[in-house]
Number of protein chains: 2
Amino acid sequence: MALAHAIMTALIDDDLSGYELAKSFDVSLGFFWRASHQQIYQELRKLAERGLLRGEKVSQSGKPNKIIYGLTEEGREALAQWVYDSSRMQEAKDDMLVKLYNLGDDNISHMVSEIEKRRDEMMQRLYLYERIRRTHYAKPDVLPVRRQGVYLALRCGITGGEQFLAWCDEALKRLAQIQSAQA
Amino acid sequence: MALAHAIMTALIDDDLSGYELAKSFDVSLGFFWRASHQQIYQELRKLAERGLLRGEKVSQSGKPNKIIYGLTEEGREALAQWVYDSSRMQEAKDDMLVKLYNLGDDNISHMVSEIEKRRDEMMQRLYLYERIRRTHYAKPDVLPVRRQGVYLALRCGITGGEQFLAWCDEALKRLAQIQSAQA
DNA sequence: AAACTATGTGCAAGTATTTGCATATATTTT
DNA sequence: AAAATATATGCAAATACTTGCACATAGTTT
């Protein structure tokens, strides 16, 4: 039920087309809630049908036409209300962790490379977070309230990412030990 | 596609009924991949149909009958093969983080209590992790390889949980500051 | 006696998400 | 000139997951 709310959230400040929204997702809310463009387009249409968004067709020359979506009053109210809904702790749902339950002499080197790959990806993600933090949140205390909320979400991503890197190092060390004992 | 593999993983050592499996999930793999009992029963039947599990009906007196599932050779092979499949980084998909993007003077006290609730839940989770660690993984180095993999997953849960607690404290501190500035 | 807890499995309906494909045009690169 | 990239939206099918309900028995608590 929450991709809808993530999308509405992305439209708080600006009206966007599906394409623009998908791009903005990639560098902000998508850090915490990934969605494919198909899902976004579908959800936008559904939300417009339900009256929570208003879609305006824009004809363009030189580019394909697009539909700009914006929150309706009803949408803003629904979103504000949603914040008070109770939400649950999310599990990691990460294949990698399930795979670790299957660790064996045969697949250990595969797990090493999988963890190394994750480590690299997270490293890149952290560079991106850090750039965003420096650029937009250098002095969080002086930001308006809502921006401070976004900052806190970013901090959650940063500290979570740093912890993950540390775990990767721990795991790789242990796996290397097992491998050297094997030889 | 991975609940299937989580279930098969839970059956590596022991054959279990759906009920037993659901319970074992609650204190192990379910930390990383939660599933309702309905989903588990469905998946067990599907896996049995596909020949990856063998289901054996057991009549019981005094208790309802049950079906004990175990991995077939084919299942074991499929599981072993699955470990080599590539897997992707998972996003948090956490409502709470999306809600933070909607932070405002009106809902700030709600967010405080939501974060406090999460903090409590994680604290309890960490107690449980710690008990498991002490009981079963006090000396990880001497464990067989597969158990060391499980230990690494547990460590991921522990360090991730500790990071989350620290983040909660940071967030609560900031929210308290905003609230006191408001007054 | 009634209520609650534990054991044990399942259907049906709805919602969410992924995967693969399809269609266009304009600009930039090879 | 061909190929790749960016812009822009969508359908259809399959898979995954959640929610609410239903049945059935035994033991324990109030």
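**View 1. Polar contacts between chain B and chain A.** In this predicted model, 30 residue pairs across the interface of chain B and chain A are in polar contact, both residues at pLDDT 80 or more. A polar contact is a pair of N or O atoms within 3.5 Å; within protein, one must be able to donate a hydrogen and the other to accept it, and residues adjacent in sequence count only if both atoms are side-chain atoms. By class, the side of chain B that touches chain A has 32 nonpolar, 17 polar and 20 charged residues. Here Ala, Val, Leu, Ile, Met, Phe, Trp, Tyr, Cys and Pro count as nonpolar, Asp, Glu, Lys and Arg as charged, and the others, Gly among them, as polar.

**View 2. Salt bridges between chain B and chain A.** The rule (a side-chain nitrogen of Lys or Arg within 4 Å of a carboxyl oxygen of Asp or Glu) finds 8 salt bridges across this interface. One of them joins the side chains of B:Arg125 and A:Glu91, at 3.5 Å from N to O. On the side of chain B that touches chain A, at least two residues each come from helices H1 (2-10), H4 (73-82), H5 (95-100), H6 (108-136) and H7 (145-182) of chain B. H7(B) gives the largest share, 20 residues. Helices are DSSP runs (H or I, at least four residues), numbered from the N terminus.

**View 3. Extent of the interface of chain B and chain A.** Chain B and chain A each place 69 residues in the contact, where contact means heavy atoms within 4.5 Å. About 6700 Å² is buried between the chains, with 61% on carbon and sulfur atoms. Buried area is the accessible area (1.4 Å probe) that two parts lose on being put together, summed over both.

**View 4. Domain 1 and domain 2 of chain A.** The domain assignment, automatic or from a database, gives domain 1 (2-82) and domain 2 (95-182) of chain A. Their C-alpha centres lie 29 Å apart. In contact are 6 residues of domain 1 and 8 residues of domain 2. The two domains bury about 550 Å² between them, 65% of it on carbon and sulfur atoms. A:Ile12, A:Phe31 and A:Phe32 supply 74% of the area that domain 1 buries against domain 2, more than any other three residues.

**View 5. The salt bridge between the domains of chain A.** Across the interface of domain 1 and domain 2 of chain A there is 1 salt bridge. The side chains of A:Asp13 and A:Arg146 meet in a salt bridge at 2.8 Å, N to O. The side of domain 1 that touches domain 2 has 4 nonpolar, no polar and 2 charged residues.

**Notes.** Residues are numbered from 1 along each chain as its sequence is written, and chains are lettered from A in the order in which they are written. Local features need pLDDT of at least 70, side-chain atom pairs count only at pLDDT 80 or more, totals for chains, interfaces and linings use all residues, and side-chain values use heavy atoms, with hydrogens and water left out.
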